[in-house]
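User: Got a model here that I'd like to go through with you. Can you take it piece by piece?

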Amino acid sequence: TMSYRIRSFTAAVDTSGAVDPAPASVYQSYSYARAGIDNRIVWDIPVEDGDYRVRLHFVEDSVVSPGSRVFDIDLQGTIVEAGVDILDQAGARYKALVKEYDVTASGGAGIKLDLINRSTDYGAVISGIEVLREVSDGLADATVDLEVSVDEGDTWLPIDSGLGMDRFGGGSYLWTAGPES
């Protein structure tokens with residue numbers, strides 16, 4: 001059975017132990033499978049053929065004892081991790097857990113993700129799915145030089161160089177502009 005539900009909560013989420021966590025608000029809502037052994041949530045993610053890293057974001061807000069919610073993670077028809085117990089692995093309720101796996105999409109089939117219940121009373125849960133693709137000619141630690149033009153792009157004045165960006169290519173710079181000359 002593939003029926004699932006969606007739930008949210010307002011309690012604060014601790015993301016301090018997770019590697020590259022999503023914003024805390026991502027963890028405050030999640031999809032969950034109907035309770036029962038072998039019930040599951042299934043996603044077919046339409047991506048081009050190629051190599052990807054899939055990052056899964058989890059948090060436990062309901063169960064209070066390890067072993068109550070256990071599930072397997074299946075990618076492309078292979079169990080990549082069996083017996084996932086968010087509460088046990090994260091160490092506390094409301095604490096983010098991030099797992100990542102390398103996967104290959106081929107034959108135009110995209111990426112198939114199944115979360116399969118292994119416990120009776122609580123279904124598998126997930127707060128976010130992140131799919132990253134390596135860009136072969138990209139730079140791991142890309143930087144940007146910041147310049148400004150006050151004459152509609154005819155000339156450019158340097159502001160700063162070598163500024164870092166996040167993994168989405170975004171960044172910010174606090175700058176107080178002087179008077180135009």
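Analyst: Terms first: helices (H or I, at least four residues) and strands (E, at least two) are DSSP runs, numbered from the N terminus. This is a predicted model, where local features need pLDDT of at least 70, side-chain atom pairs count only at pLDDT 80 or more, and totals for chains, interfaces and linings use all residues. Residues are numbered from 1 along each chain as its sequence is written, and side-chain values use heavy atoms, with hydrogens and water left out.

User: OK. Where is N39?

Analyst: N39 is in the loop between β2 and β3 (40–45).

User: Buried or exposed?

Analyst: N39 is buried, at 9% relative accessible area. The scale: buried is under 20%, exposed over 50%, partly exposed in between, with a 1.4 Å probe and protein chains only.

User: How many bridges join β2 and β9?

Analyst: Two, with β2 covering residues 29–33. Y32 sits opposite V125 in β9.

User: Now the largest nonpolar core. Which residues touch the most other members?

Analyst: L56, F58, F71, I73, I111 and L115, out of 30 residues in that core. The largest share, five residues, comes from β7. A nonpolar core is a set of buried Ala, Val, Leu, Ile, Met, Phe, Trp, Tyr and Cys residues joined through side-chain atoms within 4.5 Å.

User: What is L56 in contact with, beyond four places in sequence?

Analyst: Its partners include I73, L97, V98, Y101, L113 and I129. K99 and G128 are also among them. Contact means heavy atoms within 4.5 Å.

User: Last one. Which residues have a positive phi without being glycine?

Analyst: D20, at about 45°, and E152, at about 60°, are among them. D20 is in the loop between β1 and α1 (24–27) and is partly exposed at 45%. E152 is in the loop between β11 (143–148) and β12 (157–164), and is exposed at 83%.

Key:
Pairing = 2+ DSSP bridges.
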